[in-house]
Amino acid sequence: MYNQLMGFLNTNNILYRHQYGFRRNHSTIHPIIHLLNHCAEAASKSPPEYTIASLCDLSKAFDVINHDILLNKLHRYGIRGTVNKWFKSYLSSRLQFVEIDGNMSSSLPICFGVPQGSILGPLLYLIYVNDIGNSCQCNILSFADDTTLYVSHSNINTLFSIANEQLKNLFTWFCANKLCLNESKTKYIVIRPSHMKPDFSTLNISINGTQLNRIGNDCNEKSSKFLGIHIDEHLSWKYHINHIFRKVSYAVFSLRQVKRALPTDCLQTLYYALVHSHFTYGIIAWGNSNLKSLVTLQKRAIRLIHNAPYNGHTDPRFKSSGILKISDLFIYQSLIFMYDYLSNRLPLSFNGIFSLNCDRSNGRATRQSTLFYIPRCHSAFARKLPLYFLPHAWNDWKNIIKSDTLTRGYFKRQIKHYILNKYQSYVQCDYDKCLECHRH
C-alpha cells in the first residue's frame with residue numbers, strides 16, 4: 001500500500017514541494033540550503049532586505065492527527081471509495097495500554113494519531129499537513145513536523161508587521177487541523193549582514209497573545225538549532241563550529257584512550273564514526289567560514305590514528321588514510337551537490353535555481369557556455385552563501401573533472417583521488433625527525 005500510495009502522489013505531483021521529510025532523495029540539508037539561498041537573494045538586493053525565520057514547534061504532532069480530517073484529505077487527493085474505507089479500517093479499532101513492572105492497565109481505543117513504527121504512519125502525516133503551503137502567502141519549509149516560515153523586506157517595521165500577519169494565518173491553519181503549536185518554544189531569528197543593526201526595542205512577534213523569543217547576539221539565546229545546525233542572526237556559524245568542536249573533542253579523547261590497544265584500521269573506523277560524521281553533516285551550509293579550530297582538531301585525530309608525534313606532518317597521513325581535510329571535504333560535498341543538480345537528482349524545488357551561461361545566451365556556443373552563470377553580487381554576506389559559492393566552486397573544477405560521461409560514484413572517486421594526490425607524500429627520510437621536512 002505504501003508503494004502504491006507514494007507512486008500515486010509522486011506521479012501526480014501532489015506532495016508539497018517544500019516538504020523534505022520521509023521522501024526519497026530528500027534530506028535535512030535541502031531546506032537549509034533553500035533558507036540560505038533566500039537570505040542571499042534578500043541581502044544582495046538594493047536596498048538589502050532583512051529575513052525573519054520563525055521556527056515553529058509542534059507538540060506531539062504525530063499523536064494528535066484527527067482521523068476524520070485525514071480521511072477527508074485522502075478523499076480530496078483522489079484516494080476514495082474502497083481504498084478510503086481500507087484506510088479507515090487501518091486507523092480504527094486500535095488499542096493501547098501501559099505496562100509497568102509486569103502490571104498492565106486496561107486497554108483503551110486510540111482515537112487520534114497515526115500508527116507509530118509503521119511504514120504508512122509518516123506518509124499519512126505528510127498527507128495530513130500537505131496543504132500547509134496554502135495557509136499563508138509566504139515561504140514555508142517543512143521536514144516532517146519541523147516547520148519554518150520565512151519572509152523578507154527592506155523595512156524592518158514592515159517586515160515585522162508581515163511576519164505577525166502570516167504567523168497568525170499559519171496559527172489559524174494549525175487550529176483548523178487540530179495541531180498544537182507550542183508558542184513558548186516557537187522562536188524567530190532576524191537574519192541579516194552584521195552592518196545592519198535595527199532597533200528591536202519596539203518590535204515583537206506574537207502568536208495567540210504569546211510573545212515569541214528572538215534569537216540574537218543581544219538575546220538570551222545566541223543561536224538556535226535548525227534541523228541539526230546551529231544558526232545565528234549573521235550566519236557566522238561560530239556557534240555551530242563550537243558545537244562540533246566540543247563533540248569532536250570528546251571523540252579525539254576516545255581515540256587517545258584506545259590508540260595503543262587498537263590497530264590503525266580500527267582507529268580509522270572509529271574516526272569515521274565519531275569524527276567524520278560531524279564534519280560532513282551540513283558542511284555545504286557552514287563550511288565556507290573560519291574552520292581553523294576544526295582543522296587543528298582533525299590533524300590531532302589523524303596523528304592519533306597513525307600514532308605520530310604531536311608535531312608530525314599530517315599531509316602524507318591524510319593521503320595514506322584516504323581522508324580529506326575538512327576544507328577539501330567542503331569542496332568535495334559542494335561538487336557532489338552540483339553534480340546532483342545537473343543530474344536532476346535533487347528535489348523538484350531546486351529546479352531552475354542555477355542557470356548555465358548557454359541558457360542566457362540563447363544557446364550560442366562559447367568557451368564558457370557549459371559553466372554556471374554567477375550573478376554579480378556586491379554583498380560579502382551573500383557571497384559566502386550556497387547560492388553564489390556552489391556554482392563558483394563547480395566552475396573552478398569544471399576543466400579538472402570532466403563529469404559529462406561519469407557516473408555519480410565514479411565522479412566522487414575522481415574528485416577524491418585528485419584532491420588526495422595534491423597532499424604531500426612521504427619522502428626518503430625519517431620524516432617525523434627530519435627538521436627540513438618540518439620546515440616545509
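Strands E6 and E7 pair in the antiparallel sense, over 5 bridges. This is a predicted model. Within this pair, Asn139 stands opposite Tyr150 of E7. The two strands form a hairpin, with 2 residues between them. Ala144 sits in that turn and has a positive phi of about 60°.

E6 and E7 belong to an open sheet of 5 strands. Its order is E6-E7-E1-E8-E11, and its pairing is mixed. Where does the sheet end on each side? Strand E6 (139-143) stands at one edge and strand E11 (213-215) at the other. Each has a single partner strand, so one side of each is left without a neighbour in the sheet. From one strand to the next, the twist averages 25°.

Lys187 has Asn213 in E11 as its bridge partner. The E6–E7 pair, by contrast, is antiparallel.

Which helices lie across these strands? One is helix H2, residues 29-43. H2 lies across strand E1 (50-56), E6, strand E7 (146-153) and E8. Its direction is at about 10° to E7. Another is helix H6, residues 156-176. H6 also lies across E1, E6, E7 and E8. H6 runs at about 150° to E7.

Next, a loop residue. Ser343 lies between helix H12 (326-342) and helix H13 (357-360). Is Ser343 buried, partly exposed or exposed? Its relative accessibility is 31%, so Ser343 counts as partly exposed. The cut-offs behind that call are under 20% for buried and over 50% for exposed. The side chain of Ser343 has a polar atom 2.9 Å from the backbone oxygen of Tyr339. How far is Ser343 from Arg214? Their C-alpha atoms are separated by 40 Å. Along the chain, the two residues are 129 residues apart.

Last, the confidence. The protein averages a pLDDT of 92. A score of at least 70 is reached by 95% of the residues.

Notes: Residues are numbered from 1 along each chain as its sequence is written. This is a predicted model: local features need pLDDT of at least 70, side-chain atom pairs count only at pLDDT 80 or more; totals for chains, interfaces and linings use all residues. Side-chain values use heavy atoms; hydrogens and water are left out. Two strands pair if DSSP finds at least two bridges between them. Helices (H or I, at least four residues) and strands (E, at least two) are DSSP runs, numbered from the N terminus. Axes are lines fitted to C-alpha atoms, for helices over the stretch in contact, and angles run from 0 to 180 degrees between N-to-C directions. Contact means heavy atoms within 4.5 Å. pLDDT is the predictor's confidence in each residue, from 0 to 100. Buried means under 20% relative accessible area, exposed over 50%, partly exposed in between (1.4 Å probe, protein chains only). A polar contact is a pair of N or O atoms within 3.5 Å; within protein, one must be able to donate a hydrogen and the other to accept it, and residues adjacent in sequence count only if both atoms are side-chain atoms.
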